[in-house]
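Please go through the model shown here.

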Amino acid sequence: MFDIIAFDADDTLWHNEPYYIEARHELEQLLSPYQPASVVERRLLEIETHNVNLYGYGIKSYTLSMIETAIELSGGRVSGAEVRQVLELGKRMLSASVHLMDGAESTLAALRQEYDLMLITKGDLLEQGDKIERSGLAGYFRRIEIVREKTARGYRELLESHNIRPERFLMVGNSLKSDILPVVEIGGWAVYIPYEHTWAHEHPAGEVSHFGYHQIERLEELPGLLARLKQ
């Protein structure tokens, strides 16, 4: 039924967003002499979303956005020592351990017996590559793709480059905007696994209604879903 089953990485196979939330809370505390936490949270999201077009996704982009937020909300009064604290936040995020989702490795091991697996993640090449290596999961994937953005056009071009028909492709991920909607738009299949924390930038408008769309609550449910789809 499927030639390839592809997986998102961050917040699908391993935890990622909690590190960003923790860093934001520390930034809010750092900037508390200048602005309340709600203002810091709102403005950081605005700056971060704008800067994606300049710096791309990932921790380095987020760190630059935190510094810009600190300068703006302090009216330029933030000190060099405080900027250094923000830089240290970013470095700590880059070196943080990769914590796998429950059942991630066992699910990949089971599915690899029957399917070719692909990893499709977006973000900084070095950062994502490092996390993939440290995750210990790279060996389960026949193909690994690190892309700048996940769009319908991008998925279509990626599948064409590997001679994969959309109707025989299934994507698994936690982001409706990046992992699900673009895939069903081109005629593929997609399995949505909600994560407890999702970046606001990844929230789409409206509901998903498509024959190829499915939702499960845990990664371990995926083999059972695939077995039912084959019947």
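## Basis

This is a predicted model.

## Nonpolar cores

In soluble globular proteins, nonpolar side chains tend to be buried together. Here the largest nonpolar core has 30 residues. Ile-5, Phe-7, Leu-13, Phe-141, Val-172, Leu-222 and Leu-226 have the most contacts inside it. At least two residues each come from strands E1 (4-7), E2 (116-122), E4 (169-173) and E5 (189-192). Helices H5 (104-112) and H9 (222-230) likewise each supply at least two. The largest share, 4 residues, comes from H9.

## Helices H2 and H3

Two packed helices are described by the angle between their axes and the distance between the axes. Helix H2 covers residues 37-55, and helix H3 covers residues 59-73. Their packing angle is about 130°, with the axes 9 Å apart. H2 is therefore oblique to H3. The crossing of H2 past H3 is right-handed.

On the H2 side, the contact residues are Val-39, Val-40, Arg-43, Leu-44, Ile-47, Glu-48, Asn-51 and Tyr-55. H3 answers with Ser-61, Tyr-62, Leu-64, Ser-65, Met-66, Glu-68, Thr-69, Glu-72 and Leu-73. By class, the H2 contact with H3 has 9 nonpolar, 4 polar and 4 charged residues.

Is Asn-51 buried or exposed? Asn-51, found in helix H2, is buried, with a relative accessible area of 2%. The cut-off for buried is under 20%. Not counting residues up to four places away in sequence, Asn-51 touches Gly-56, Ser-61, Ser-65 and Glu-68. Among these, Ser-61, Ser-65 and Glu-68 are also listed for H3 in its contact with H2.

## Helices H3 and H4

H3 also packs with helix H4 (residues 80-94), at an angle of about 160°. The axes are 9 Å apart. At that angle, H3 is roughly antiparallel to H4. This crossing is right-handed.

H3 brings Ile-59, Lys-60, Tyr-62, Thr-63, Met-66 and Ile-67 to the contact. H4 brings Val-83, Val-86, Leu-87, Leu-89, Gly-90, Met-93 and Leu-94. The class count for H3 with H4 is 10 nonpolar, 2 polar and 1 charged. Tyr-62 and Met-66 of H3 meet H4, and both are listed in the contact with H2.

## Positive phi in two loops

Which phi does Asp-11 have? Its value is near 65°, positive in a residue other than glycine. Asp-11 is found in the loop between E1 and helix H1 (17-30). Asp-11 is buried, with a relative accessible area of 7%.

Asn-163 also has a positive phi, of about 55°, although it is not a glycine. Asn-163 lies in the loop between helix H7 (152-161) and E4. Here the relative accessible area is 71%, so Asn-163 is exposed. Exposed starts over 50%.

Terms used:
Residues are numbered from 1 along each chain as its sequence is written. This is a predicted model: local features need pLDDT of at least 70, side-chain atom pairs count only at pLDDT 80 or more; totals for chains, interfaces and linings use all residues. Side-chain values use heavy atoms; hydrogens and water are left out. A nonpolar core is a set of buried Ala, Val, Leu, Ile, Met, Phe, Trp, Tyr and Cys residues joined through side-chain atoms within 4.5 Å. Buried means under 20% relative accessible area, exposed over 50%, partly exposed in between (1.4 Å probe, protein chains only). Axes are lines fitted to C-alpha atoms, for helices over the stretch in contact, and angles run from 0 to 180 degrees between N-to-C directions. Angles under 35 degrees count as roughly parallel, over 145 as roughly antiparallel, 65 to 115 as roughly perpendicular and the rest as oblique. A crossing is left-handed if the near helix is turned anticlockwise from the far one by less than a right angle, and right-handed if clockwise. Contact means heavy atoms within 4.5 Å. Ala, Val, Leu, Ile, Met, Phe, Trp, Tyr, Cys and Pro count as nonpolar, Asp, Glu, Lys and Arg as charged, and the others, Gly among them, as polar.
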